[in-house]
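Grab the coordinates and work through a few exercises. Each one sets a task and then walks through a solution.

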Amino acid sequence: MIPGPIECETDVLKAMGEPPKSHTAPDFIKSFGNCLNMMKEVWMCPSGQPFLVAGTGTLAMEMAAANLIEENDKALVISTGYFGRRYADILERHGAHVTILEAPVGEVVETADIEAELQHKDYKLMTFTHVDTSTAVMVDAASMGALGRKHNVLTVLDGVCSVAGEEIRQEEWGIDVVLTASQKAIGVPPGLAMLVASPKAMETWKSRKTPVRSYYADWDNWLPIMEAYTAGKPAYFGTPAVNLVMALEAGLGNILKEGLPERFERHKKNGKAFREAMRALGLSMIPKNETVTANTLSAPYLPDDVSLPDFMKAMGEAEVIIAGGLLPEIKGRYIRIGHMGCVAHTDLMNAVRGIARALNQCAHKTNEDDGVLAIDKIMRK
Ligand code: PMP
């Protein structure tokens, strides 16, 4: 129950365990092409260009920065936690002048403040973290896309903790890059960096005056590969992570079989049920209110009388694996529980029971049944 890597479905695991195929084998070419086509469906971006490469989510972040930023470009980072700060570092490394607008812990940056900043300077690109995994704060992606369009700024959505779990309509919302990694709501083991770039992002890259500073991340190297596999032909730049690609074919297939609206609704319901259960146990959440709250993970504060190391030890004994805090300023005071992908009602129940028992073991009295009843009430609706 950590916010990634998450549990995988059986067909995904089966694909991981198959003997590796040649990256030029006809059935692998088909799998790769299917993945690229399914990415456009899951991202809801029919006119976008998908990129699928071996690497982690950080590489997907860096790929967008490396290809869209040139020396001295101005970039605006809207930060709601740890991963916003990481994006600022990446953009600076690629030569951008970065301004970071940082939300108070548990809150989002006010739209008026973003708009004032966009009017104040001639920004080329703006990034935002859809769901920051360090705070469980969710940003309104549609309104960020609209702001980008209004001010003619490229928008980059870090969707590592949201794609395939929270609603994203890339094309309709006008977002130029939506990026993620395989190990979260996509439901595949870690190791794949994925993004879909809008036609405007591709135009911006094509009209660059200087070479991309990263060799591995350069779209010049990868675009012919993506185009070849889409056309049913093999091509080589770097050896694809063949088993992960086969697993991704199964994972994306499962997502589309479930249906995107159904999947988003299920995540919403699971998220709400889990938050209600945490509140029933007397815990308060980092996100300040329900409108800025993610559904892919929950981040409750521990009570003041409970120490994180003691609590995590008790969770281990309860055999429920969750994550501790990540945001430096409050790191030792909260926990994070992922509920993405194929998480079942019973997983949520067991996590709530484990948390209640661990609290009691830390001498913080709480009633396990209150949490379980709160989940049940929402799941039965
Ligand atoms: N962005 C967000 C929102 C994340 O949650 C993570 C990973 N937890 C990353 C970026 C970086 O991804 P990775 O660890 O796969 O490099």
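**Exercise 1.** Does Pro224 count as buried, partly exposed or exposed, and at what relative accessibility?

*Solution.* First, some ground rules. This is a predicted model, where local features need pLDDT of at least 70 and side-chain atom pairs count only at pLDDT 80 or more, while totals for chains, interfaces and linings use all residues. Residues are numbered from 1 along each chain as its sequence is written, and side-chain values use heavy atoms, with hydrogens and water left out.

Step 1: recall the cut-offs. Buried means under 20% relative accessible area, exposed means over 50%, and partly exposed is in between (1.4 Å probe, protein chains only).

Step 2: apply them. Pro224 has 42% relative accessibility, so it counts as partly exposed.

Step 3: Pro224 is found in helix H9, residues 219-230; helices (H or I, at least four residues) and strands (E, at least two) are DSSP runs, numbered from the N terminus.

Step 4: check who is around. Not counting residues up to four places away in sequence, Pro224 touches Trp219 and Ala235, where contact means heavy atoms within 4.5 Å. Ala235 is eleven residues from Pro224 along the chain, and their C-alpha atoms are separated by 7.6 Å.

**Exercise 2.** Work out the strand order of the seven-stranded sheet and say which strands sit at its edges.

*Solution.* Step 1: the order is E1-E9-E8-E7-E4-E2-E3, an open sheet with mixed pairing. Two strands pair if DSSP finds at least two bridges between them.

Step 1: E1 and E3 (97-102) stand at the edges with a single partner strand each, so one side of each lacks a neighbour in the sheet. From one strand to the next, the twist averages 15°.

Step 2: follow the bridges. E1 and E9 (residues 192-197) are antiparallel, with six bridges, and E8 (residues 177-181) is joined to E9 by five bridges, also running antiparallel. Val196 of E9 is the bridge partner of Pro50 and the bridge partner of Val178.

Step 3: see what lies on the sheet. H3 packs there, touching E1, E4 (125-129), E7 (154-158), E8 and E9, and its direction makes about 155° with that of E8. Helix H6 (residues 141-150) packs on the sheet too, touching E2 (74-79), E4 and E7, at about 175° to the direction of E4. Angles run from 0 to 180 degrees between N-to-C directions; axes are lines fitted to C-alpha atoms, for helices over the stretch in contact.

Step 4: look at burial. Five of the six residues of E1 (residues 49-54) are buried, so this strand is largely enclosed by the rest of the structure.

**Exercise 3.** Describe how H3 and H4 pack.

*Solution.* Step 1: H3 (residues 57-68) and H4 (residues 82-93) pack at an angle of about 45°, with axes 10 Å apart.

Step 1: H3 and H4 are therefore oblique to each other. The cut-offs are under 35 degrees for roughly parallel, over 145 for roughly antiparallel and 65 to 115 for roughly perpendicular, with the rest oblique.

Step 2: list the contact residues. H3 gives Thr58, Ala60, Met61, Glu62, Ala64 and Ala65, and H4 gives Phe83, Arg86, Tyr87, Ile90 and Leu91.
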